[in-house]
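Have the sequence and the 3D view to hand as you go.

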Amino acid sequence: MKSLIVSIAFAGAMLGSAVANDTMDAMIGAAVVYAYVDGTAVAAKYSADGTYTTDVAGGGKWSMNGDELCITTDSGEKGCTQLSPGKAKGDSWEAKDAFGNAVTVTIK
């Protein structure tokens, strides 16, 4: 009985670490384009295993902390950004990237 309780508690903890933001759910596996005010565009792809790649700057790891998307780049830089829930494939919105830069985000 004790091992069953421990297993249930472990399973609950694992579910709690799952993505809890529907916008991030929509971003996983999709092309996500970050368009900056200077005209630069960066395409990113987020994978369910907690990694991401970009077409210009390598990649790294991502995680969710509540509604914050946090990244650690391959070069070790870290940053987080608020990720508003309710966005889906085809949506675009104004935001700040993980390092505070103004950007238009589009899920393609």
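The link of cysteine 70 and cysteine 80 is right-handed, with 110° about the S-S bond. Cysteine 70 lies in strand β5 (residues 68–73) and cysteine 80 in strand β6 (residues 78–82), so the pair ties together parts that are ten residues apart in sequence. Please keep in mind that this is a predicted model, in which local features need pLDDT of at least 70, side-chain atom pairs count only at pLDDT 80 or more, and totals for chains, interfaces and linings use all residues. Residues are numbered from 1 along each chain as its sequence is written, and side-chain values use heavy atoms, with hydrogens and water left out.

**The disulfide**
- One disulfide is counted, taking a disulfide as a pair of cysteine sulfur atoms within 2.5 Å.
- In the bond between cysteine 70 and cysteine 80, the S to S distance is 2.1 Å.
- Cysteine 70 is buried at a relative accessible area of 13%, while cysteine 80 is partly exposed at 35%; buried means under 20% relative accessible area, exposed over 50%, and partly exposed in between (1.4 Å probe, protein chains only).

**Threonine 23**
- Threonine 23 sits in helix α2 (residues 22–27); helices (H or I, at least four residues) and strands (E, at least two) are DSSP runs, numbered from the N terminus.
- With 0% relative accessibility, threonine 23 is buried.
- The side chain of threonine 23 reaches the backbone oxygen of serine 84 at 2.5 Å, and a polar atom of that side chain lies 3.2 Å from the backbone nitrogen of glycine 86.
- Leaving aside residues up to four places away in sequence, threonine 23 touches residues including Pro85, Trp93 and Ile107, where contact means heavy atoms within 4.5 Å.

**Lysine 96**
- Lysine 96 belongs to strand β7 (residues 92–96).
- Between the C-alpha atoms of lysine 96 and cysteine 80, which are 16 residues apart along the chain, the separation is 9.4 Å.
- Not counting residues up to four places away in sequence, lysine 96 touches Thr81, Asn101, Ala102 and Val103.

Notes. Polar contact = N/O pair within 3.5 Å; in protein donor to acceptor, adjacent residues only side chain to side chain.
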